Every structure is written in structure tokens, then in C-alpha cells.
Amino acid sequence: ARALALKGEVLRMPAFSRFSEGLEALEKASALEPRRAWIRAFLGRARVYCGNPDQGLKDLLRAAVLDPGCAWISAWSGEARFNQGDYRRALRDLDAAIAGDPECAVAYSWRGAAKEKLGKYQDAVRDLDKALELHRRYAEVYVWPSHATRDWEELIRIDLHGLSLERGFVFHERALAKQGLGDWDGAVSDRTQALRLDPKFHWVEGSGTPSQFKTILKGLNRAD
């Protein structure tokens, strides 16, 4: 079930463009291990990004019941609400994520973005500054497992590439917050950084390339 879930998470990413297959794999994995919180959370996030946000949020909330206090599940719930335009409820989820893990970078990213949308520009800049700091530390101390196979090493590389795209998103959101504060030079500088990190600005589409994903899928199929 775990290999099936990882396979589904890879397939559902728009960079690979096999949404229905990815969702099907995650649904099967969740049926096999219905009480595995992270599989349910993967399924919820997939449903959100595949056009079924209501069911996706239900899955994320179920995952939170299975693993109470898990910061990244709360952060993903906040991200889902943000993408629905429900910024105030997103803030509640993201506050909970940060309370559970004060170093949850993704929670600071989305909380800063939500605050920017609500016109809380100074608070947004503070959260986005923190997100960039945590992302930088994460990349610097990334530990490669000694037992990592080639497929897992490729997955880690894609994870780090995704981190670069995430940082592009953070710079973009901080540019908007600085624009709201009238800091035009800062906004231009951050926008430039965002485009440097992600020239196509496709952060919502995931990361990696189809060839990289094919390499990973071969390993996951063998483990399936």
C-alpha cells in the first residue's frame, strides 16, 4: 500500500499529467490501509488538485483525526482552503500547523500568502521571511539515507527541485505583500528572485520532469 501511495502521489502531479491514474492508485492505497494518516492526506491533496476540493478537505480532516497534531496535515488543509479562497479558515489551519511545529516551512509559506490576501501585509512579510529562512536551512541540512536506492535518490532530487519552486512562490507572495506596503524596490527584487527560481512560474504544477518521474515509477512498480 505504501509503494502504491507513493506511486499515486507521483502520478497525480501535473508535471507527469496522469491525474486519474494517480488518484486511482491513492484510492486503492487508502482502501488497503484506511487508517494510515499520511496516505489519506496524500489522497486528500490529490483530490483537491484534481478538482474535488470538498472531498479532498474531508480526507485531509480525516487524516488529521488519525494523526492529531500533525503539522503538515494541518498545513495542507490550510493550503487547500487557501486555493478555495477561504483565507480566514486557512489561517486557522495554518496557525494550528505552526503551533504544532514552529519550523513547518510550508505552513509559514501559505500563512504569509493568506495574510497577504487579507491585506495584512507586514505580518505576511514576516511569515514569508520565516518560510525562506526555513527552506534555506532545510536544503542545507537535507540528510540522504544511507540505504537510499537510485529511485529514492531521484525522488529526493525532485523534492529539492520542488523546494526551489516553493521558494519561488514565497518570493512571489512576498513581492505582493511589499507592493501592498508601498515597497516597490523590494517588490521588484522579490519578483525577480521568483522568476529566477521558477522562470515559468508553475509552482502549482508540482516539480520535476516526465523523464525523472518515469525513473521513479519503475522502482515503485517493482515494489507494488
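In what order do the elements of the protein run from the N terminus on? They run α-α-α-α-α-α-α-α-α-α-α, and the figures below take a friendly walk through parts of this predicted model.

**Figure 1. Welcome to a protein with eleven helices and zero strands.** The protein has 224 residues, and buried residues make up 47% of them. Take the contacts between residues at least 6 apart in sequence: 59% of these join residues at least 24 apart.

**Figure 2. Helix 2 meets helix 3 in a left-handed crossing.** Helix 2 covers residues 19–32, and its axis comes within 9 Å of the axis of helix 3, with a crossing angle of roughly 150 degrees. Angles over 145 degrees count as roughly antiparallel, so helix 2 is roughly antiparallel to helix 3. On the helix 2 side, look for Leu 23, Leu 26, Glu 27, Ala 29 and Ser 30. Their partners in helix 3 are Ile 39, Arg 40, Phe 42, Leu 43, Ala 46 and Arg 47. Sorted by class, the residues of this contact are seven nonpolar, one polar and three charged.

**Figure 3. Helix 3 also packs against helix 4, with axes that come within 7 Å.** Helix 3 spans residues 37–49 and helix 4 spans residues 53–66; their axes cross at roughly 165 degrees. The two helices are therefore roughly antiparallel to each other. Helix 3 passes helix 4 in a left-handed crossing. From helix 3, the contact takes in Ala 37, Arg 40, Ala 41, Leu 43, Gly 44, Arg 45, Arg 47 and Val 48. Facing them in helix 4 are Pro 53, Gln 55, Gly 56, Leu 57, Asp 59, Leu 60, Arg 62, Ala 63 and Leu 66. The contact of helix 3 with helix 4 holds nine nonpolar, three polar and five charged residues.

**Figure 4. Helix 5 and helix 6 cross at roughly 165 degrees.** Here helix 5 (residues 71–83) and helix 6 (residues 87–100) have axes that come within 8 Å. Helix 5 and helix 6 are therefore roughly antiparallel to each other, and their crossing is left-handed. Helix 5 brings Ala 71, Ser 74, Ala 75, Ser 77, Gly 78, Arg 81 and Phe 82 to the contact. Helix 6 answers with Tyr 87, Arg 89, Ala 90, Asp 93, Leu 94, Ala 96, Ala 97 and Gly 100. Eight nonpolar, four polar and three charged residues make up this contact.

Figure 5. Is Gly 78 buried or exposed? Gly 78 is buried, with a relative accessible area of 0%. Along the chain, Gly 78 and Ala 90 are twelve residues apart, and 4.1 Å separates their C-alpha atoms.

**Figure 6. The largest nonpolar core holds 25 residues.** The members that touch the most others are Ala 75, Phe 82, Leu 94, Cys 104, Ala 107, Trp 110 and Val 170. At least two residues of this core come from each of helix 5, helix 6, helix 7 (105–117), helix 8 (121–140), helix 9 (150–180) and helix 10 (184–197). Helix 7 gives the most, with seven residues. Ala 107 touches Ala 75, Leu 94, Ala 97 and Ile 98, not counting residues up to four places away in sequence. Another core lies apart from this one and has 21 residues, including Ala 29, Leu 66, Ile 73 and Ala 80. In soluble globular proteins, nonpolar side chains tend to be buried together.

**Figure 7. A closer look at Ala 75, found in helix 5.** Ala 75 counts as buried because its relative accessibility is 0%. Which residues does Ala 75 contact, leaving aside its neighbours within four places in sequence? They are Leu 94, Ala 97, Cys 104, Val 106 and Ala 107. Arg 111 is 36 residues from Ala 75 in sequence, and their C-alpha atoms are 8.8 Å apart in space.

Note on methods: Residues are numbered from 1 along each chain as its sequence is written. This is a predicted model: local features need pLDDT of at least 70, side-chain atom pairs count only at pLDDT 80 or more; totals for chains, interfaces and linings use all residues. Side-chain values use heavy atoms; hydrogens and water are left out. Axes are lines fitted to C-alpha atoms, for helices over the stretch in contact, and angles run from 0 to 180 degrees between N-to-C directions. Helices (H or I, at least four residues) and strands (E, at least two) are DSSP runs, numbered from the N terminus. Angles under 35 degrees count as roughly parallel, over 145 as roughly antiparallel, 65 to 115 as roughly perpendicular and the rest as oblique. A crossing is left-handed if the near helix is turned anticlockwise from the far one by less than a right angle, and right-handed if clockwise. Contact means heavy atoms within 4.5 Å. Ala, Val, Leu, Ile, Met, Phe, Trp, Tyr, Cys and Pro count as nonpolar, Asp, Glu, Lys and Arg as charged, and the others, Gly among them, as polar. A nonpolar core is a set of buried Ala, Val, Leu, Ile, Met, Phe, Trp, Tyr and Cys residues joined through side-chain atoms within 4.5 Å. Buried means under 20% relative accessible area, exposed over 50%, partly exposed in between (1.4 Å probe, protein chains only).
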